[in-house]
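The questions below concern a predicted model. They take up pockets, strand pairing and confidence in turn.

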Amino acid sequence: MRILGIDPGLQTTGFGVIDVEGAALRYVASGTIKTTHLEFGDLPARLKVLFDGVCEVVARYQPTVAAVEIVFVNVNPQSTLLLGQARGACLTALVSRDLAVTEFTALQMKKAVVGHGRAQKAQVQEMVKRLLQLPGVPGPDAADALGLAITQAHAGEAMRRIAAVSPLQRKNTGMYRGGRGH
C-alpha cells in the first residue's frame, strides 16, 4: 500500500509518501507545495496552486490512500477560515483523483508517531527520521505529512475494520430538515 499524507497550509502544504508492506514502512518522497510566491490577498490563485500541486503529487507517486490533518479553530478566526479553505482545496484534489481519505488530528498523529499528543515539532521530525530510517531530519511540514502517513499505516486498517463492523454515521442532531432546525 502506498500512503500520501497531507499537512494543509495556505502558504506551505506538506506532503509525504510512504510504502507499507506488512509492518515495514519505506520512505518514498516528501516535500512542500508553496504559495508564498503569490500575492497574499489572491486567495483563489493560492487555492489553485494547492489543488494543482496535490494533483501533481498524486499523479507522480500514485498513492492508494491518503491521510489529511484535521484543522481546529485557532486564536484568530480569519486564519482558521483561510486554513480551512486550503484544506478544502487539498481534500478536493484527493477525492477528484478517487483516493480514499482518512482524517487525523495533530494530537492523534503525535500520539501515533512520538507517543504523546503534546510533542514538539522537533520531536515529530526526529521520530519520522527514525521510523523511516532517513539520513536527515525532514522539514516541519513534510515531517507532519509523513507523520500522518505513518499514522494511517498504523491506525488506518483498524479504523477500516471498525467501520466495516459498525459503520460510523453522522448524527442528525442539529441538522436542518424541511427548512427547520430540530
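Q: What is the volume of the largest pocket?
A: The model is predicted, and totals for linings use all residues. For the largest pocket, the computed volume is about 200 Å³.

Q: Which residues lie nearest the centre of the largest pocket?
A: Twelve residues line the largest pocket. By class, eight of the lining residues are nonpolar, two are polar and two are charged. Those nearest the centre are Glu-69, Ile-70, Val-71, Phe-72 and Asn-74.

Q: Is Glu-69 of strand β4 buried or exposed?
A: Strand β4 spans residues 65–69, and five of its five residues are buried. One side of β4 carries Val-65, Ala-67 and Glu-69, while Ala-66 and Val-68 are on the other, and both faces are covered. Buried here stands for under 20% relative accessible area. Glu-69 is therefore counted, under that cut-off, as buried.

Q: Which residue of β4 is the bridge partner of Leu-4?
A: Strand β1, residues 2–7, runs parallel to β4, and four bridges join them. In β4, the partner of Leu-4 is Ala-66.

Q: How many bridges join β4 to strand β5?
A: Strand β5 covers residues 100–104 and runs parallel to β4. One of the pairings has Val-65 facing its bridge partner in β5, Ala-100. The number of bridges that join β4 to β5 is five.

Q: Which helix gives the most to the lining of the second largest pocket?
A: The second largest pocket holds about 160 Å³ of space. Its lining includes Asp-7, Pro-8, Phe-40, Ser-79, Leu-82, Leu-83 and Asp-141. The helix that gives the most, with three residues, spans residues 77–96 and is α2.

Q: How many charged residues are in the lining of the second largest pocket?
A: Among the residues lining this pocket are Gly-9, Leu-10, Gln-11 and Thr-12. The lining has five nonpolar and four polar residues. The count of charged residues is two.

Q: In which strand of the protein chain is confidence lowest?
A: The mean pLDDT of the protein chain is 88, and 85% of its residues reach 70 or more. Confidence is highest in helix α1, residues 43–61, at 98. The lowest mean, 42, belongs to residues 176–177, which form strand β6.

Q: How many contacts does the stretch of residues 170–182 have in the model, beyond near neighbours in sequence?
A: Over residues 170–182 the pLDDT is below 50. Where pLDDT is low, predicted coordinates should not be read in detail. With near neighbours in sequence set aside, the contacts of this stretch in the model number eight.

Note on methods: Residues numbered from 1 in each chain as written. Predicted model: local features only at pLDDT ≥ 70, side-chain atom pairs only at ≥ 80, totals over all residues. Heavy atoms only, no water. Buried < 20%, exposed > 50% of the residue type's maximum accessible area, 1.4 Å probe, protein only. Helix = DSSP H or I, 4+ residues; strand = E, 2+ residues; numbered from the N terminus. Pairing = 2+ DSSP bridges. 1 Å grid on protein atoms, 1.4 Å probe; cavity = no way out; pocket = protein on both sides within 12 Å on 5 of 7 lines; lining within 4 Å. Points joined across faces, edges and corners; volume = space filled by probe spheres on them. Nonpolar A, V, L, I, M, F, W, Y, C, P; charged D, E, K, R; others polar. pLDDT = per-residue confidence, 0-100. Contact = heavy atoms within 4.5 Å.
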